[in-house]
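Trainee: I have a new structure open. Can you show me how to read it?

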Amino acid sequence: IPLPRITPIASQLVQRRAFHQVPRESRPPKILITGGLGQLGIECAKLLRTQYGSQNVILSDIIKPSQSVLENGPYIFADILDFKGLQKIVVDHRIDWLIHFSALLSAVGEQNVPLAVRVNIEGVHNVIELAKQYKLRIFVPSTIGAFGPDSPRNPTPNVTIQRPRTIYGVSKVHAELIGEYYYHKFGLDFRCLRFPGVISSDPPGGGTTDYAVAVFHEALRNGKYTCYLRPDTRLPMMYIEDCLRALLEFMRAPNEQLKRRVYNVTAMSFTPEELFAQLGKHVPNLHVTYKPDSRQLIADAWPQVFDDSDARRDWHWQHKYDLSNLVDFMIKDVQDNYINVQPEQQTLQI
Ligand SMILES: NC(=O)C1=CN([C@@H]2O[C@H](COP(=O)(O)OP(=O)(O)OC[C@H]3O[C@@H](n4cnc5c(N)ncnc54)[C@H](O)[C@@H]3O)[C@@H](O)[C@H]2O)C=CC1
Ligand SMILES: CC(=O)[C@H](N)C(=O)O
């Protein structure tokens, strides 16, 4: 007696079609980036396009792109909550890799918990299921925010207690676990890096580590900054170039090299006063005041020093930027991209 056909028809069709396709290994991957107009997405697309060709990397988001984004390569509208819409994009563009950046970050997540649940949890359900159906390699970033007050903070190992107290953290632990589950259950090629605060000249999306970007803009424009964290709040951080290189190297790492699906990565740890002291060498009259707000409570429960030795051992992760060259590069980035440009291009608001 034949077994009941439990595979959904759509998935059978997908598999049949895949039979006639050129093997993925013989062509560059086609990559979809969701939430691509945030702090990480645009720079990520630029890096991946240098590696795989402009037309092979599609940026997507629900917001209107700038002219320079449109000139850089393909951009499409994609709402992470619209499963069928995502399905159509994956099919029409023959996507192989999905880089899932859509999220509400830690501070804005606390301002709108129901929306954070939808975007960060339902959104992950959609992309994970899609990746399973169409056999995509999927990258979902996690964060230092996936740890909480019960976790060891200095250092925070790869595997330890995770009891975050923000909806952002809870949603990221959920993403890690469901991704690992799909890997074990269905063989999904799920990959996840826990990033520290990422520092670039582009506007951050409303997180707890945003001060480390905002201070460069305020210092270089006005020579002063009011910091919402206490001066001694130590957090792990990373320059964007290191962050995106980690992502690319991890995505390219052969499966056999990976001992786990979720890795801590980091580059440095510093406090606001250490960052401002380094920045003060370039902006001698920098005037800083401190006015801690609700983000202090979030930071107080996060790792201070991140242990990424597993990533360094398994796929040879190495950072390039420390505090001193981070500051040098950030000053140049902010000046080139925001200060020394036409007024209509100066859109940063933090
Ligand atoms: N920036 C950082 O310091 C860190 C970021 N990450 C993770 O990296 C990823 C990207 O972070 P960022 O670029 O900084 O975030 P961001 O907040 O700058 O960008 C997120 C993007 O998601 C989009 N989005 C929101 N709702 C959506 C929806 N319904 N459908 C499609 N897109 C939607 C937004 O329009 C926005 O462009 C996030 O998952 C974040 O958790 C992890 C650790 C550190
Ligand atoms: C570290 C992060 O995940 C992000 N920058 C945030 O502060 O929410």
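Mentor: Start with the record. UniProt annotations may be inferred rather than shown by experiment. Keep in mind, too, that this is a predicted model.

Trainee: Which domain does UniProt list for residues 31-265?

Mentor: The unreviewed entry gives "NAD-dependent epimerase/dehydratase" for that span. Residues 31-265 are 43% helix and 18% strand, and their end C-alpha atoms lie 22 Å apart.

Trainee: Now the core. Which residues have the most contacts inside the largest nonpolar core?

Mentor: In soluble globular proteins, nonpolar side chains tend to be buried together. Here the largest such core has 93 residues, and Ile33, Leu98, Ala131, Ile138, Ile199 and Val215 have the most contacts inside it. Helix α6 (residues 113-133) supplies the largest share, 7 residues.

Trainee: What does Val215 touch beyond its neighbours within four places in sequence?

Mentor: Val215 is in contact with Tyr225, Leu275, Phe276 and Leu279. Val215 is also one of the buried residues of α8.

Trainee: How far does helix α8 reach from its first C-alpha to its last?

Mentor: Compare the span with the expected one. Helix α8 (residues 211-222) has 12 residues and reaches 15 Å, close to the 16 Å expected. The cover over its buried residues includes β9 (224-227) and α10 (272-280). Just after α8, Gly223 takes a positive phi of about 75 degrees.

Trainee: And the ligands? How do the residues around ligand 1 divide?

Mentor: Sort each shell by residue class. Around ligand 1 there are 14 nonpolar, 11 polar and 2 charged residues. The closest are Gly35, Gly38, Ser102, Ala103 and Gly205. The shell of ligand 2 has 3 nonpolar, 7 polar and no charged residues. Tyr168 and Thr208 are among them.

How values were computed
Residues numbered from 1 in each chain as written. Chains lettered and ligands numbered in written order. Predicted model: local features only at pLDDT ≥ 70, side-chain atom pairs only at ≥ 80, totals over all residues. Near = placed C-beta within 6 Å. Nonpolar A, V, L, I, M, F, W, Y, C, P; charged D, E, K, R; others polar. Helix = DSSP H or I, 4+ residues; strand = E, 2+ residues; numbered from the N terminus. Core = buried A, V, L, I, M, F, W, Y, C linked by C-beta atoms within 7 Å. Buried ≥ 20, exposed ≤ 12 C-beta atoms within 10 Å, placed from the backbone. Contact = placed C-beta atoms within 7 Å. Expected span 1.5 Å × (residues − 1).
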